[in-house]
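Subject: Structure for you to look at

Hello,

Here is the structure I promised. Please open it and keep it beside this email as you read.

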Amino acid sequence: MSNRQDRPARQIRGPQSALTDFLASQNISANRIRADAEARRNAAAAANNQGGSNGTANTANGATATGDVDDDNEEEAAEVQVPSAARSRAEAQKRKRQAEAIDKIQKSKAFKRRKRNNEDSDSDDLARAIFQEKSAPLPGQMENCEICDKRFTVTPYSRAGPNGGLLCSKCSKDFAKDDEGVNKLKKKKSGPAGASRRKLQSRILDGMYAVGAKSLMTLCIETLAKNIELASDLGDLPPFLVDRIARILSKRRLLTSQCLDLFLQPNTEDVTVYDGSYLTANDYIRIFQTASRLKNLKLRNAVQFKDEVMMYLISRNLVLHSIHLHGANLLSEDSWNAYLEAKGKTLQSLQVYYTDKHFGNGVVATLKDRCPKLKRLKIAHNQKVTNDGVEHIAKLEGLEHLSLKLLQPKATEPYIKVVQGIGQGLCTLSLKDVPDLDDRVLDAIHEHCRSLSKLRITDSEVMTDAGFARLFKDWANKPLLFVDFQKCRHVDSTKPRENPHMVGLCSDGFRALMKHSGKRLRYLNIHACRHISREAFEEMFSDTEVYPDLLELEISFCENVTDFVVGSIFRSCPKLKELNVFGCMKVKEVRVPKGKILVGVPNAVGMIIEGSDNDSVPQAGMPCTRSDTANDKINGATKQD
Amino acid sequence: MAANGLTLSKYITLISSDGFEFVVMRDAVMISPMIKSMLDPQSAFKEAVSGRCSFDEINGIVLEKVVEYFHYWYKNREREDVPDMDIPVELCLELLMAADYLGLDKQT
């Protein structure tokens with residue numbers, strides 16, 4: 001009777017939901033039903049036996065009334081004995097079942113897997129542990145909490161206690177709290193396997209990859225940057241250290257009005273704010289108030305560098321040698337004029353980025369008279385300077401470094417005038433995003449430039465291979481150190497591979513470039529110059545060619561680069577640090593020599609560094625590749641050695 | 001301490017301004033170009049002969065951290081993705097000065 005009351009009823013009653021009720025009724029574990037039923041059956045059988053003997057005893061009772069008391073006692077004893085016998089039988093059966101179950105577990109896959117994981121533990125113990133896990137109360141049942149002994153309903157989220165039993169919700173919360181510290185430590189140790197790979201790759205792409213520990217200085221600076229709000233003064237740190245701190249702070253966008261003070265000393269000559277987005281106009285004014293000996297000013301994201309700041313700068317007795325202003329798009333053209341009028345005489349370097357419509361032809365036109373000492377001029381991302389403005393640059397005779405990235409449509413003639421006018425003295429010529437400039441500019445460079453060391457012409461869609469070849473052939477200029485011709489290629493969306501007029505930097509131009517500048521070249525970018533042939537690459541990076549200074553090479557989206565070409569590049573460039581091959585779909589499987597970084601291989605890994613290839617010496621040995629055709633060629637090459 | 005310059009001792013001693021002495025592996029301190037040149041057997045500085053370098057500018061607490069860094073660096077010199085060493089915030093600036101003084105700048 002009591003058994004039936006114990007069992008959860010199948011009918012839906014009261015607030016219990018239909019689902020819970022159903023699950024609960026389903027989840028009366030078979031074990032329990034069977035055990036209950038068996039116990040009942042045994043009890044009944046025992047009772048029957050007892051009843052039989054009782055009957056005989058009763059008949060005997062009638063015969064021998066004297067032994068009544070004794071018999072009664074006996075009966076009581078039997079009644080006590082019978083349930084215990086049934087129980088022991090049930091228990092024996094239970095034990096047998098358990099043994100069977102454990103046996104089964106020992107044969108199961110999960111058991112074998114676990115056993116492999118912890119070899120040393122006893123297999124019987126392990127099997128018993130699994131069995132106990134399996135026979136733990138299922139959700140919906142009632143159970144006594146292991147710690148506080150309160151009765152509670154088991155849910156799928158019930159936690160196991162320290163001795164394997166289940167815990168009620170309150171005890172499990174407390175238990176979790178105690179357990180937390182231990183768990184955290186464990187997580188820290190085991191967690192970062194995947195994360196560290198991503199971090200590592202991100203560091204490779206940032207060019208920060210290094211083996212071994214960080215330098216103590218880096219560690220200190222990072223700690224300092226984390227706790228910059230605690231610092232009140234940087235003390236007498238050397239300027240380059242202060243600069244590094246400034247960089248790292250800006251990288252984390254931590255440069256606020258408060259910590260700007262750390263970088264402002266009355267005797268500072270250079271103020272560099274790499275990220276001024278949190279600074280207000282008053283902060284900029286404060287720079288000029290504090291640093292009275294300021295010479296070089298570099299501000300990036302200086303949105304609040306407004307007219308009032310410029311007016312203040314004009315009013316102060318400061319003599320700036322260089323201004324580098326990035327993103328000051330609230331500054332009007334009038335202030336620029338006023339400043340250059342007042343202080344332009346000493347200015348040697350003027351770099352203006354992202355000033356939208358407020359730095360126009362008028363300002364450029366006056367540079368010649370107002371800034372006679374100007375050596376470096378950079379105007380980037382400017383929407384107002386047009387071809388007329390560019391023509392004015394041709395008159396800036398002292399200029400050594402010129403860099404332009406203008407958004408207005410460009411014509412060839414003004415640029416030719418610039419090169420004719422000041423090409424003689426230029427060390428740097430950078431013309432970004434110039435789709436309409438043609439070969440005549442290249443010819444002018446060939447004719448006039450004699451001291452260039454950095455040349456950048458990007459996105460040209462009209463310059464031809466012949467033009468590039470003419471530029472480098474017998475050029476009286478010394479070898480270039482830095483060359484960037486990215487995206488100088490033929491653009492046709494319907495027939496991208498056909499290039500009948502040899503537009504862009506193609507094979508001949510590339511050969512001429514490497515012949516002229518290869519010996520001293522440090523940085524080469526021919527990103528997306530897709531018509532350079534495989535033969536040209538193989539010829540220029542053959543085993544006889546060595547480019548001793550080349551550090552960085554970007555050949556992404558050059559379609560004809562193969563595994564063999566990449567291997568040859570590693571052989572020909574002993575100092576090479578990084579090679580970019582994004583979109584070179586013929587690069588499949590290259591072995592990268594130790595210490596070199598190959599970025600952008602079209603596979604799941606994306607980038608490779610290998611430290612294991614010590615034996616494949618990159619210089620004189622063979623290029624590291626596995627493709628068969630290439631191997632044939634290598635064999636040919638090594639035979640010549 | 002090996003004084004004859006032929007057999008260099010495997011360990012050297014660093015002495016802080018307040019008299020604490022730290023015995024450090026010679027290979028581990030080679031990360032610092034400053035100490036390296038002090039101990040260069042060719043130069044025959046006093047430090048190179050005796051194997052003892054004293055730093056009057058660096059106190060014991062900071063030097064202890066520096067020594068800890070030497071060993072941390074030595075232990076991790078061949079490994080990739082090294083966990084960062086803990087720098088106590090209050091020592092940060094002093095340690096930075098010491099690192100600058102000892103030339104612990106390069107990533108080698």
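This is a predicted model: local features need pLDDT of at least 70, side-chain atom pairs count only at pLDDT 80 or more; totals for chains, interfaces and linings use all residues.

Start with the make-up of chain B. It has five helices and three strands. Along the sequence they run β-β-α-α-α-β-α-α. The chain has 108 residues, and 42% of them count as buried.

The three strands of chain B form an open sheet, ordered S2-S1-S3, with mixed pairing. S2 (21-25) and S3 (52-54) of chain B are at the edges with a single partner strand each, so each has one side without a neighbour in the sheet. On average, neighbouring strands are turned by 25° against each other, direction ignored. S1(B), residues 11-15, pairs with S3(B) in the parallel sense over three bridges. Within S3(B), Ser54(B) is the bridge partner of Ile15(B). Helix H4(B) packs on this sheet and touches S1 and S2 of chain B. Its direction makes about 10° with that of S2(B).

Now the cores. The largest nonpolar core holds 168 residues. Among the members that touch the most others are Phe305(A), Leu14(B) and Phe70(B). Helix H4 of chain B (residues 60-75) gives this core its largest share, nine residues. Beyond its neighbours within four places in sequence, Phe70(B) contacts several residues, including Leu14(B), Val24(B), Ile35(B) and Leu104(B). A second, separate core has seven residues, among them Cys145(A) and Leu166(A).

Best wishes

Note on methods: Residues are numbered from 1 along each chain as its sequence is written. Chains are lettered from A and ligands numbered from 1 in the order in which they are written. Side-chain values use heavy atoms; hydrogens and water are left out. A nonpolar core is a set of buried Ala, Val, Leu, Ile, Met, Phe, Trp, Tyr and Cys residues joined through side-chain atoms within 4.5 Å. Buried means under 20% relative accessible area, exposed over 50%, partly exposed in between (1.4 Å probe, protein chains only). Helices (H or I, at least four residues) and strands (E, at least two) are DSSP runs, numbered from the N terminus. Contact means heavy atoms within 4.5 Å. Two strands pair if DSSP finds at least two bridges between them. Axes are lines fitted to C-alpha atoms, for helices over the stretch in contact, and angles run from 0 to 180 degrees between N-to-C directions.
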